[in-house]
Amino acid sequence: MPYDYKPFPFVTPPGLTAPEPRHPVVIVGAGPIGLAAALELANHGVRSVVLDDNNVVSVGSRAICWSKRSLEILDRLGVGAACVEKGVVWKVGRTYHRDREVFNFDLLPEPGHRMPAFVNLQQYYVEEYLAAKALASDLIDLRFKNRVTGVSQAADGARVEIETPEGSYTLEAGYVLACDGAKSPIRAMLGLEFQGVLFEERFLIADIEMEADFPSERRFWFEPEFHQGQSALLHKQPDNIYRIDLQLGWDTDPAEENRPEKIIPRIEKVVGHGRFKLDWHSIYTFQCRRLDRFVHGRVIFVGDSAHVVSPFGARGGNGGLQDVDALGWRLAAVVKGAAPAAILQRYDLERCHGADENILNSSRSTRFMSPSDGAERWFRDATLALAGHAEFARPMVNSGRLSVPCVYPLSDAPDVAGMPLSARPGAVAPDAPLGNDWLLSGLGGEMVVLAIGKPAPEGLVVRAVEVAVMPEVKARYLGDADSALYLIRPDQIVAARWERAEDGVIDALVAAIWEGRA
Amino acid sequence: MSLVTKRNLADQDGAYAALIGAHKGLSDAESTAFNARLILILMNHIGDQAVIGEALALAKASGGRVAG
Ligand SMILES: Cc1cc2nc3c(=O)[nH]c(=O)nc-3n(C[C@H](O)[C@H](O)[C@H](O)COP(=O)(O)OP(=O)(O)OC[C@H]3O[C@@H](n4cnc5c(N)ncnc54)[C@H](O)[C@@H]3O)c2cc1C
């Protein structure tokens, strides 16, 4: 069944009749990132107004692969379980050269995590679930058919000009979150450069509906018989929908290639028959770009407005949700007067780092798929040729390195040599089963001390969570040590760890984090 | 470890002849592809990114690309 788009109603905003009081946060864009940001702020008790120029969820599917980390974040926002339930769970990817499998990967080889490695779920569902939560929240005022036409800022806030079907109005905001997507009009309004590269390659992206029992695995082909000389991707989604990506070459005519008469025969060759319906299709050229900085005074860029990547590796939406994760608790603290604005620079630093890693990985994959003539192609082809003969070459075959959260460079953070790298400072705290519950669920969304195998020190300024040494906890957090103290940030990032912490050390670090010094 | 730039093969002439011999009968395009595979194989065998970096630098420095 194709998705049934139900338009959200336009409600006359109060600002059309009388000036509205200043809002702490105005979010521009109700894509996955704007909606997630509103819900995250609401979790921290902060109100926001969300403005979107449209009145339906994502037209066309776009994002389909949501990572384990995204599901953990979405879970805190109240939609994680719905996404897993509706989505197609997968963790294995297979890469073929011609008709031979040359490489496969398993993204979650170990058990004992609440969330799966990935689910495939059409972006419109994710937005539908997030929008329903946002509409139900007392702290979120979600306004459709409200198009932002201007943003200007002063030292202590920003003004947003808005057009609606019933006229124009203005809002005053403490902070504006630009979640207005890859083409971000706000970026243009502020005259900011969006630097990076465009890949001279075209891809046909199509969703088809068909009855089939293809495995729920990611399958990627280099130079398959059915799509001569190019690459192809096939991926399963719910509702009998399959995603197909076909590389077309740079010399193709996008308008011509986007005609169903042209697309259907191509897809027939992929799936081997004509018993399918074309649900959505588009011809894309991909780019990797980012803003130099994401925080510009009172305007903060989040998601695709701040950075775009090619989709091989699923690092766009997933990267954006990690932006939300890194921003929400900090912005909430600033709005409540509990932290200085300097703390927002940490968001900037960390997410620029994350964006760079995503851009690096996405660029490498795209270039491997679409090498330039000369040396780049010789080595690409050499790698594919070797992959059938030598084990080392198989993992070099790059059809996308799928989104994993980056490790933030917290180089000054207290650490214990020899403890597992998976839980080093800067990394997301690894999940682990705790009897009937899960470690991450127990952390919640506040700063906590995780005391493993020993009681937490008395009288800390933050909540303490004491955990017994279960096997997974030992493997993921202790290694050879018998016990440890972990300081975990509200975004579930490990801030520091100790075997024994001197009096006052933990509280001092907590203070430094809230002041934006760590 | 750093890149070995002193003589490291007992039978240098024999190894050189084997390399040339492997290219015998190949077109320029086939030779290029062969070299690419060979480099990847050797690079993996070396297995030390710092040594590979030194090798890349030496190859670059000794190329004497004609300006133009
Ligand atoms: C083919 C394809 C496949 C992809 N696959 C994946 C994947 O598998 N996994 C993944 O994680 N990511 C994927 N992505 C990327 C993902 O779709 C984006 O990263 C994601 O949509 C970004 O969300 P966003 O909220 O930042 O922006 P958007 O989703 O673009 O939302 C921006 C919102 O802002 C609104 N807006 C714009 N201008 C204004 C204005 N002036 N006033 C008010 N509102 C405005 C728009 O209407 C829109 O609702 C894919 C992308 C493509 C194109």
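**Notebook: cysteines, ligand shell and selected residues**

I began with Cys352(A), which is buried, with a relative accessible area of 8% (buried means under 20%, exposed over 50%, partly exposed in between, with a 1.4 Å probe and protein chains only). The model is predicted, so I noted that local features need pLDDT of at least 70, that side-chain atom pairs count only at pLDDT 80 or more, and that totals for chains, interfaces and linings use all residues. Residues are numbered from 1 along each chain as its sequence is written, chains are lettered from A and ligands numbered from 1 in the order in which they are written, and side-chain values use heavy atoms, with hydrogens and water left out.

**Entry 1. Cysteines**

With a disulfide taken as a pair of cysteine sulfur atoms within 2.5 Å, I found 0 disulfides over all chains. Cys65(A) is in no disulfide either, and its nearest cysteine sulfur, that of Cys83(A), is 13 Å away. Cys65(A) counts as buried at 13% relative accessibility.

**Entry 2. The ligand**

I counted as near any residue with a heavy atom within 4 Å of the ligand. The ligand is surrounded by 30 residues, and the closest are Asp52(A), Asp53(A), Arg62(A), Asp304(A) and Asn318(A). By class, the shell holds 14 nonpolar, 9 polar and 7 charged residues (nonpolar: Ala, Val, Leu, Ile, Met, Phe, Trp, Tyr, Cys and Pro; charged: Asp, Glu, Lys and Arg; polar: the others, Gly among them).

I then traced the elements, which are DSSP runs numbered from the N terminus (helices H or I, at least four residues; strands E, at least two). Helix H1 (32–43), strand E9 (147–154) and helix H8 (316–335) of chain A each supply at least two shell residues, and H8(A) gives the most, with 3.

For polar contacts I used pairs of N or O atoms within 3.5 Å; within protein, one must be able to donate a hydrogen and the other to accept it, and residues adjacent in sequence count only if both atoms are side-chain atoms. A side-chain N or O atom of Asp53(A) is 2.5 Å from a ligand oxygen. A backbone N or O atom of Val148(A) lies 3.0 Å from a ligand nitrogen. The protein covers 88% of the 990 Å² of accessible area that the ligand has on its own (Shrake-Rupley method, 1.4 Å probe; for residues, only the protein chains shown count as cover).

His307(A) is found in strand E21 (residues 307–308) of chain A and counts as buried at 6% relative accessibility. Its side chain makes a polar contact of 2.6 Å with the side chain of Asp323(A).

Arg497(A) lies in strand E27 of chain A and is buried, at a relative accessible area of 1%. What does the side chain of Arg497(A) meet at 2.6 Å? I found a polar contact with the side chain of Asp415(A). A polar atom of the Arg497(A) side chain also lies 2.9 Å from the backbone oxygen of Pro420(A).

**Entry 3. Positive phi**

Most residues other than glycine have a negative phi. Arg98(A), however, has phi near 55 degrees; it is in the loop between strands E5 (92–97) and E6 (100–106) of chain A and is partly exposed, at 42%. Gln492(A) has phi near 65 degrees, sits in the loop between strands E26 (484–488) and E27 (494–498) of chain A, and counts as buried at 2%.
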